Amino acid sequence: MKTLVLANHKGGVGKSAVATLLAHYFVVSRKLRVLAIDLDHQGNFSKPLRKSGRAEVAPVTGHEVMTSAVSSLPMASMVLVPSHRDLIGLERQPAMHTPFARNLRAFLAAMDHQFDVCVIDTNPNPDIRLIAALASADFVLSPVELAQEALDGLAALLNHERVGLRKIKAVLNPKLRLIGLLPSKVEATPFQRANFVQVLQQYRSLMIPLSDRVGDIASLPKRTAIAEAQADGALLWEVRKTAARDAWKEIEPSLARIADIVTSKESPNGQAAA
Ligand SMILES: Nc1ncnc2c1ncn2[C@@H]1O[C@H](COP(=O)(O)OP(=O)(O)O)[C@@H](O)[C@H]1O
Ligand SMILES: [Mg+2]
């Protein structure tokens, strides 16, 4: 099982939307067995998966897989370990942080043979949930919005003293790979275009190339159909509206590329995996 964490220290950037799209994509288009874990008390990954009717909801929550020893789940092609409101309180129990991280790691290890891919959605405030997820994951993907304050937050995502990716990789989890930054909710306004160019220049090495063409990188446009599918629990590519079809055509290459990386068909820098 490969574990992918959606992470960004900012809310509203599309983490839960991308987690939802990817979870369905892995099951439907790649025929993989998917474990979906929602560690955000807001539950914006759990809601659309429940509504879709395509996920078997586990009898344990994200809170329990961090606070106790859980070692079995129902058998299904997609199982959701849903959000729980008490997840917000884990940060306030510092003496238990190491056991929390160990519980999650042991749980993921126990699920290794039952699922092919695990998608973990996280909360924006950097805390023990994010640390525990990153400490046990194979991959991290960071949706980013092209607004100035979001760009300022990128430095924290990478270099934060406690939960920065560099620190986690160096201290807790050397196998963690940053798939990259995924510009999301991208609009065609001149302001965003200017920001896009700026981000590309500043963070070029962290973008996810789709081809050898300069500037051909994975990104998700801002489309009402994506937000609607998220709210309705619908699969974007099954929605019979032109706007949904068009949105799907735009985002499919980016999801496919991310799925290829997670399933190890390609390494993050675009070279074939050894
Ligand atoms: N590509 C997109 N186009 C339009 N709306 C989007 C897109 N991605 C996310 N949204 C919407 O933006 C809001 C915030 O997205 P969400 O995925 O919940 O962010 P996060 O998990 O980072 O807080 C939600 O209402 C969601 O449906
Ligand atoms: Mg979210």
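**View 1. Backbone contacts of ligand 1.** An oxygen atom of ligand 1 lies 2.8 Å from a polar backbone atom of S16. The model shown here is predicted. A polar backbone atom of G14 is 3.0 Å from an oxygen atom of ligand 1. R223 takes part through a backbone N or O atom, which is 2.9 Å from a nitrogen atom of ligand 1. On its own, ligand 1 has 550 Å² of accessible area, and the protein covers 80% of this.

**View 2. The shell around ligand 1.** Ligand 1 sits in the largest pocket. Two or more residues of the shell come from each of the elements α1 and α9. The shell holds 14 residues, and the closest to ligand 1 are G12, K15, S16, A17 and P221. Sorted by class, five residues of this shell are nonpolar, five are polar and four are charged.

**View 3. The largest cavity.** Rolling a probe the size of a water molecule over the atoms shows where empty space is left. The count gives one cavity of 30 Å³ or more. The volume of the largest cavity is about 100 Å³.

**View 4. The lining of the largest cavity.** The lining is made up of 13 residues, and T20, L21, A229, Q230 and A234 are those nearest the centre of the cavity. The elements that contribute two or more residues are α1 (15-28) and α9 (224-232). With four residues, α1 gives the most to this lining. The lining has nine nonpolar and four polar residues, but no charged ones.

Key
Residues numbered from 1 in each chain as written. Chains lettered and ligands numbered in written order. Predicted model: local features only at pLDDT ≥ 70, side-chain atom pairs only at ≥ 80, totals over all residues. Heavy atoms only, no water. 1 Å grid on protein atoms, 1.4 Å probe; cavity = no way out; pocket = protein on both sides within 12 Å on 5 of 7 lines; lining within 4 Å. Points joined across faces, edges and corners; volume = space filled by probe spheres on them. Nonpolar A, V, L, I, M, F, W, Y, C, P; charged D, E, K, R; others polar. Near = heavy atom within 4 Å. Polar contact = N/O pair within 3.5 Å; in protein donor to acceptor, adjacent residues only side chain to side chain. Areas by Shrake-Rupley, 256 points an atom, 1.4 Å probe, with all protein chains shown as cover. Sits in = over half its atoms within 2 Å of the grid points.
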